[in-house]
Amino acid sequence: MSVAPPLLAVEGLSKSYGGIHAVRGVSFSLRSGEILALIGPNGAGKSTCFDMLNGQNKPDTGHVRLLGEEITGKKPREIWRLGVGRTFQITATFATMTVRENVQVALISHGKQLFNLFGSAPNFDRGEAGRLLELVGMGGYADRPCGELAYGDLKRLELAVALANEPKLLLMDEPTAGMAPRERVELMRLTAQIAREKSIGVLFTEHDMDVVFEHADRIIVLNRGTLIAEGSPAEVRSNPQVQAVYLGDGLLYDAGHGASA
Amino acid sequence: MAFYVVQFLTGLASAASLFLVASGLSIIFGVTRIVNFAHGAFYMIGAYIAFTLTERLSGACGFWGAIVIAAFAVALIGVIVEMVLLRRIYHAPELFQLLATFGLTLMVEDLVVLIWGPDDLVGRRAPGFKGAIDFFGQNIPSYDLFLIVLSPVVLGILWLLFQRTRWGVLVRAATQDRDMVAALGVNQKWLFTSVFAVGVFLAALGGALQIPRDAVHHAMDLRIIVEVFVVVVIGGLGSIVGAFVAAVLVSELNAFGILIFPKISIILVFLVMAVVLIVRPWGLFGKPEAAARKTPGLTVNPWRPLTSNERLAALAALVIAATLPLFAGNYVLTVGSEIAIFVIFAVSLHFLMSVGGLASFGHAAYFGLGAYGVAFLAKIAGLPMIVCLLLGPLLGCMGAAVFGFFAVQLSGVYFAMLTLAFAQIVWSIAFQWVSVTGGDNGILGVWPSSWAASPGHFYWLALGVAALVTVALRAMVFSPFGYALRATRDSPLRSEAVGINAKRIQWTAFVIAGTTAGIGGALFAYLKGSVFPDNLGISLSVDALVMVLLGGVETVSGAVIGAIVYKALNIWLVSQTDLSKLVLGGFIVLIVVVFPKGIVGTLEMLAQRRRKTSPPGSPLLAKPIESVE
């Protein structure tokens, strides 16, 4: 029981749309260097939950704290400034710029040089940009236009961009969606390695159970807006409720089940 | 009291035409996603054809029949335009669609003058609605009452059409997701054509119905289209109810604005629009735009700074240009100065448009403000030329700061419409506020000091400033700010996620572009020795767009070439033909359809193709493609 606040603390997060409770009273926490997977079937509220952590969406009630500091309802760019890196389910990159320039934009922003009108951007932190690209295995692609990259490489580039502000926390929304099986394993291995080396906390959502069980230190399971299980991969795997949700027990759509447990 | 009621009813009556045109624009936009700048042109043709027909056909049947026939005739013209032109550009970037329909507008302006002559035409009064009704001592034309009843009737018919017919269901479905509708086996081509026809019919009907109220003239297209843009920005693009409510609102504001600010009544409309934009950026009845459809660029050549050889080449070109006064006469030097000034204007818009992805359709406002700034300082404050040149552009800077703040809240077509509306507002102020701006007579006698008075010296001044501005803006493209600006253009989502406040970056770019345009305008005032409202008119804004387009939107400095070629061509053209708008409009349409990369872009592409075919080296190792600028 440490006195220092956890890296990320989520408390009683709720959001509803009309009469639908997309997320209901979700609480969990995350330590530095820990890799936490957020899983659940389609419509469980993963994305809603995720968007409330990164500022895309405002919760109705509840708190999100980063190292004890309240970040609930802050804008995405403010949350980024506090040391939270992000990757998107569908990659978002600067398509007309080169791979290196993509990273340089993040470095320029991190160095608070966004309104520098007469400096030389091509030389801005060139070394650091190169190091980040090497780190994700994209060193050889630095001068390629980003619009030419294969999808898997875009995901790596996003990881390099997300690391540019030396984040304490990485939020990755379905980091391996749309990738070939071998690429998935590689990307998550890389992420895990970087996270442990730099003591970065990682929260990711994922549909591929192989990826989840192999790389997550801990797993939390959402179903219909509520947290139904939390624990090590082994614990979650053997949890009967989780099995019911994933394998089906015929009661998935019974309102009383699971949520009340 | 009766006076205010009558004023209110007059406002309602003016709303009728505005609503018809705006609803047509909204319907077309909903389905085809094209903002039809030519909508005002169709309105105008409707009025002209109806005028001719009502003169020929006699009797009440003749009059009302003529109105309807005119609307159908124009709808038919619309169908032809849609099939010949628009079908080719449905998948082109937004900017090209806006420009193509704008080109069409220019062509129509000259065509109506060619057919109907330049004079105002006063049409017949409507049979059955010739008199006026007495309302507590105030007269209300009975035709106004007819118009007041008409708009809700049209609104009702449109509602029935969209709710109760199969065609209406398809249109509503296509408004939500046109790809899905196509996937369900609906013939999209004919759906689009029919929607366009309906939209144009409404515009033409609006024009035809104006005849008994107003004279028909060849500038009515721009006047209505600017008001219609204001209406759809307030009401929400794509919403017919929104178009109705906003048309009434704008017309009433105009009707009462005249009582409050008789000189600059348009200010009131502007203020309301500003408030609406802050509270509901997507309009009163509009829906927030889904994540803007990203138009994939025409090229993916990454930009890079010039190599040292290219720098030498550019310097050599500048030195050669600087030798012009050694052998050229005064006329050539004046033309040279004008071209240099337009290079400044074009590169400033290019910076906003290509680097920032913000296509301003009213950039001339800041050019003109710079010119007026100089004129005020020189004539009223009597300051020397150097001081005026330094301070004059600040008026452009301030204008850009105010309007830019609102404009960057929006993007894409909304941004284009809003910048156009702002420019028109500035133009109206310059035109109407006679005591300060001299109105149509402008401000005369803005002459350069003796050191810059000779055409040769002035040419050197203009050339020097143009070179400086081009180099500075180019440096900014490759500055950290330039990268940030490109980032906001490429992916708003990602730039927000790396801590970039996109609106502030874009606002800064807008102010930079506006100030630079103001520098051009300041020099222009001294070149011409005078300033006129035309210096901030729409046609000048369009000139700038064409220069950028001609040079190549996706190049770093194509605008320089575009400005030189276009301006030289333009000056020559005006000396050769009276139909410069027709030729210019046709030229714009031609560039958009056949030549979308512009001069520099096409050269780059050719060079790239040659390079690709010559060495059979591995494509994986290929360096980013070099450009020829």
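Biologist: In which sense do E7(A) and E8(A) pair?
Modeller: E7(A) and E8(A) pair in the parallel sense, over 5 bridges. Two strands pair if DSSP finds at least two bridges between them. Strands (E, at least two residues) and helices (H or I, at least four) are DSSP runs, numbered from the N terminus. A:Leu169 stands opposite A:Gly201 in E8(A).

Biologist: Is this predicted or experimental, and how is it numbered?
Modeller: This is a predicted model: local features need pLDDT of at least 70, side-chain atom pairs count only at pLDDT 80 or more, and totals for chains, interfaces and linings use all residues. Residues are numbered from 1 along each chain as its sequence is written, with chains lettered from A and ligands numbered from 1 in the order in which they are written.

Biologist: What unit do E7(A) and E8(A) make with helix H6 of chain A?
Modeller: With H6 (residues 181–198), they make a right-handed β-α-β unit. Right-handed means that, with the strands pointing away from the viewer, the path from the first strand over the helix to the second runs clockwise.

Biologist: Is E8(A) buried or exposed?
Modeller: 5 of its 5 residues are buried (20 or more other C-beta atoms within 10 Å of the residue's own, C-beta atoms being placed from the backbone). A:Gly201, A:Leu203 and A:Thr205 are on one side, A:Val202 and A:Phe204 on the other.

Biologist: Switching to chain B. How do H5(B) and H6(B) cross?
Modeller: Their axes come within 5 Å and cross at roughly 85°. Axes are lines fitted to C-alpha atoms over the stretch in contact, and angles run from 0 to 180 degrees between N-to-C directions. The two helices are therefore roughly perpendicular (65 to 115 degrees).

Biologist: How many residues of chain B are in contact with chain A?
Modeller: 29 residues of chain B are in contact with 34 of chain A. Contact means C-beta atoms, placed from the backbone, within 7 Å.

Biologist: Which element gives the most on the chain B side?
Modeller: H21(B), with 8 residues.

Notes: Contact = placed C-beta atoms within 7 Å. Parallel < 35°, antiparallel > 145°, perpendicular 65-115°, else oblique. Buried ≥ 20, exposed ≤ 12 C-beta atoms within 10 Å, placed from the backbone.
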